[in-house]
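Please open the structure in the viewer and keep the sequence beside it.

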Amino acid sequence: MHDLNVSSQRCAAPHRRRCHGKEDLPDWRSVLPREWAASVVEPKVFSRFRDYEIFSERVLGHEHEGEDSPCYCEHYFVLTDVRSDDDETYFLAPTYGEHLVAWRLVDGRWLIHRRITHGEDCPQHQSFFSFADEMPR
């Protein structure tokens, strides 16, 4: 979910599905700082939500099947703009994107990592960690 390449993935319709198989499971530890690994609630079951109108996806992780309150949240979206090199051929180019990963800590707070990418073809980015009392929406 870290790639902001618009042409790499398309979805025909919005849908929700359980993640099955190793290739579907998110790498929920990829940006988690090592020193916080023992303080997060480990997700075991994941649901994936995709949007067909914009390039976006959301993954929720739960500690147990059927549980209502997530312990992991990851989402991204990419905004695009129509571009042309020659005024005859048009293509979508990414102009802004956000990628958010959040883990529920054992004390109930949320550790949040946010990466904001912007500029023509999104070469510039900033990323940071923060804490919140509730899961980011």
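**The hairpin of E5 and E6**

Begin by selecting E5 and E6, which form a hairpin with five residues between them; in the turn, Gly-108 has a positive phi of about 100°. Strands (E, at least two residues) and helices (H or I, at least four residues) are DSSP runs, numbered from the N terminus. The model is predicted, so local features need pLDDT of at least 70 and side-chain atom pairs count only at pLDDT 80 or more, while totals for chains, interfaces and linings use all residues. Residues are numbered from 1 along each chain as its sequence is written, and side-chain values use heavy atoms, with hydrogens and water left out.

Strand E6 covers residues 110–118 and runs antiparallel to E5, to which nine bridges join it. Two strands are said to pair if DSSP finds at least two bridges between them. Within this pair, select Trp-103, which stands opposite Leu-111 in E6.

**The whole chain**

Now show the complete chain. Which elements does it contain, and how many? There are seven strands and zero helices, and from the N terminus on the order is β-β-β-β-β-β-β. Of the 137 residues in the chain, 37% are buried. Buried means under 20% relative accessible area, exposed means over 50%, and partly exposed lies in between (1.4 Å probe, protein chains only).

Select E4 (72–84) and E5 (90–104) next. These strands run antiparallel, joined by 13 bridges. Arg-83 has Phe-91 in E5 as its bridge partner. Arg-83 also meets Asp-81 through their side chains, in a salt bridge of 3.7 Å, N to O. A salt bridge is a side-chain nitrogen of Lys or Arg within 4 Å of a carboxyl oxygen of Asp or Glu. Asp-81 is partly exposed, because its relative accessible area is 36%.

Move to the turn, where five residues lie between E4 and E5. Most residues other than glycine have a negative phi. With a relative accessible area of 63%, Asp-87 is exposed.

Patches are made of residues with over 30% relative accessible area and no salt bridge; like charges are joined within 9 Å, and nonpolar side chains (Val, Leu, Ile, Met, Phe, Trp, Tyr) within 5 Å. Asp-85 counts as exposed because its relative accessibility is 73%.

Then select Val-82, Tyr-90 and Leu-92, which make a nonpolar surface patch of about 310 Å². Accessible areas come from the Shrake-Rupley method with a 1.4 Å probe; for residues, only the protein chains shown count as cover. Tyr-90 is found in strand E5 and, at 53% relative accessibility, counts as exposed.

Turn to strand E2, residues 45–51. Is E2 largely enclosed or largely open? Five of its seven residues are buried, so E2 is largely enclosed by the rest of the structure. A hairpin of three residues leads from E2 to E3. Strand E3 (residues 55–62) runs antiparallel to E2, with seven bridges joining them. Select Ser-47 to find its bridge partner in E3, Leu-60.

**Salt bridges**

Finally, display the charged side chains; six salt bridges are found in the whole structure. Select Glu-57 and Arg-50, whose side chains meet at 2.4 Å, N to O. Both Glu-57 and Arg-50 are buried.

The last stop is the salt bridge between Glu-42 and Arg-29, at 3.5 Å, N to O. Both residues lie in the loop between E1 (15–18) and E2, so the pair ties together parts that are 13 residues apart in sequence. Glu-42 is partly exposed at 35% relative accessibility, and Arg-29 is partly exposed at 47%.
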